Amino acid sequence: MALMALTRAPSVSLARCELTHLERTPIDVARARAQHLAYERCLARLGCTLLRLPEEPDLPDAVFVEDAAVVLDELAVITRPGAPSRRAELDAVATALAPHRTRFTIEAPGTLDGGDVLVAGRRVFAGLTARTNAAGVDQLRLALGPLGYDVVAVRVDGCLHLKTAVTEVAPGVVLLNPAWIDCSAFAAFEQIEVHPEEPFAANALRVGPALVYPAAHERTRARLEARGLDVRLVPADELAKAEGGVTCCSLIFEVPAKASGGAGRDRRRRTAPRG
Ligand code: CIR
């Protein structure tokens, strides 16, 4: 098997992104694009074949491809984002995933953002947030229950998505901010808390045994390294101004090796991303 990472370059209109818990501050799109390239290079170094969608100039949040789908080994759930401005992002993502997975689609009145879905083995935690409602979680359960997944709804308070508050950093180990979720939902997991002065530090992206992690959260990073985790730093502060983290910028999934075109290669551009 090989790993594929679906990504999409930051839009020229990124500064018009949705914002829920952050003040709007100027966003330097060129800097965001450079950081995104560094992120893609990191994924490629970790063995991912990049499947890069073209930029969407009229869709400010399209870089955050994670919200458009939940990709499991058995199928891809195409979401229905809670922010109506983001629903036009779905078609291109669904089309790119079509050769790799059968599709289940979340329908109205359900809403679901991929950022609210944390898959940990056969347990799937779904955040109830301003973006994801109970009907969306029920539909997710309907899709995944028969495949042997246990879908658990988790209330999230004070941040955008479940994965802003908690991610799995190693099998059975979560990194979390206890201010935003009820930690007892993760009682079966070893828990690492973010440093209290780094509330946004719980969003980490596992790629195989490594952890892609924002360079800015130095004190929480020290906790991860003290736990023996292989932390790979990426610059991510410009995209963070759009309320996005490292999980948000890719959809990573396994494919048979022959479908990937070769580990670490880029299906649209044959060279590694530069920038
Ligand atoms: C939004 O509010 O939808 C975007 N500005 C940020 C989305 C970040 N995505 C994620 O956490 N999965």
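Start at the ligand: one of its nitrogen atoms sits 2.8 Å from an N or O atom in the side chain of aspartate 67. Glutamate 66 places a polar side-chain atom 2.7 Å from a ligand nitrogen. Alanine 242 uses its backbone instead, with an N or O atom 2.7 Å from a nitrogen of the ligand. On its own the ligand has 350 Å² of accessible area, and the protein covers 98% of that; areas follow the Shrake-Rupley method with a 1.4 Å probe.

This is a predicted model, in which local features need pLDDT of at least 70 and side-chain atom pairs count only at pLDDT 80 or more, while totals for chains, interfaces and linings use all residues. Residues are numbered from 1 along each chain as its sequence is written, and side-chain values use heavy atoms, without hydrogens or water.

Now turn to helix 2, residues 90-97. Helices here are DSSP runs of H or I with at least four residues, strands runs of E with at least two, numbered from the N terminus. Leu90, Val93, Ala94, Ala96 and Leu97 are its buried residues. They line one face of helix 2, because they fall within an arc of 165° seen down its axis, taken from the directions to the C-beta atoms. Buried means under 20% relative accessible area, exposed over 50%, and partly exposed in between (1.4 Å probe, protein chains only). Asp91 and Thr95 are exposed on the face turned away.

Last, histidine 217. It lies in the loop between strand 13 (210-214) and helix 5 (218-226). Histidine 217 is buried, at 16% relative accessible area. Its side chain reaches the backbone oxygen of phenylalanine 200 at 3.5 Å.

Methods: Polar contact = N/O pair within 3.5 Å; in protein donor to acceptor, adjacent residues only side chain to side chain.
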